[in-house]
Amino acid sequence: MRRPILLLSALCLSLSVSTHAVAQDQASPPPVATIVTIKTPASISRPMLEVEFKRAIPIYEKIPGLIRKYFIADAEQFGGMYLWKDRASAEAWYSSAWRAKAKSLYGSEPEVRWFDVPVQIENGSER
C-alpha cells in the first residue's frame, strides 16, 4: 500500500518541477483576464500599429493591477490580451473616458471580453 502512495508523490513532484501552477488564495479577489479588440482604421498600417504598441509600453507598465499585457493584431483589428490582479483594477482602467478616447482615436467602440482566471500556469521552459 505504501508503494503506490510514494509513486503518486513522486509523480506530483515531477509535475510541479516542469510546470508551475498558481492556485488562487481564497482570501484575495481572483484575477481576471480581458481581451480588447478595436477595428483597425484603413488609415493605420501594421507597421504604424507596431510603432504605437512600442510607444505605449511605458504607459502599460505603470497601470495599477495590470500583471501582463500582450499587444495583438490581425488584418482587421488590434488590441490586447490582459491579465489583471483583480476585476476592480481592470474596471478602473476601462473607464468611460478610456472608451471615449478609443472611439475618438480609432472611429469605433472597443470590445472588451471578460474571463475568470481560476488557475494560472507558467511553463518552466519558457521562463
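In what order do the four strands of the open sheet lie, and is their pairing parallel or antiparallel? Keep in mind, as you turn the model, that it is a predicted one. Colour the strands one by one, and you will find that the four of them form an open sheet in the order 3-4-2-5, with antiparallel pairing.

Select residues 66-73 for strand 3 and residues 111-116 for strand 5, which are the edge strands, each of them pairing on one side only. If you then look along the sheet, you can follow its twist, which averages 15° from one strand to the next.

The next step is strand 2, which pairs with strand 4 in the antiparallel sense over eight bridges. Here V36 stands opposite G80 of strand 4. Strand 2 is also joined to strand 5, by six bridges and again in an antiparallel arrangement, and in that pair A33 has F115 as its bridge partner. Six of the eight residues of strand 2 are buried, so this strand is largely enclosed by the rest of the structure.

Helix 2 lies across strand 3 and strand 4, running at about 170° to strand 3. Helix 4, residues 96-106, also packs on the sheet, where it touches strand 2, strand 4 and strand 5, and its direction makes about 30° with that of strand 2.

Finally, show the side chains of the largest nonpolar core, which has 12 residues, among them V32, V36, A56, Y60, L66, Y82, W84, W98 and V112. The elements that give two or more residues to this core are strand 2 (32-39), helix 2 (46-61) and strand 4 (77-84). In soluble globular proteins, nonpolar side chains tend to be buried together.

Return to L66 and display its surroundings: leaving aside residues up to four places away in sequence, L66 touches Y60, Y82, L83 and W84. As a last stop, select I44, L49, F53 and A102, which are included in a second, separate core of six residues.

Technical notes:
Residues are numbered from 1 along each chain as its sequence is written. This is a predicted model: local features need pLDDT of at least 70, side-chain atom pairs count only at pLDDT 80 or more; totals for chains, interfaces and linings use all residues. Side-chain values use heavy atoms; hydrogens and water are left out. A nonpolar core is a set of buried Ala, Val, Leu, Ile, Met, Phe, Trp, Tyr and Cys residues joined through side-chain atoms within 4.5 Å. Buried means under 20% relative accessible area, exposed over 50%, partly exposed in between (1.4 Å probe, protein chains only). Contact means heavy atoms within 4.5 Å. Two strands pair if DSSP finds at least two bridges between them. Axes are lines fitted to C-alpha atoms, for helices over the stretch in contact, and angles run from 0 to 180 degrees between N-to-C directions.
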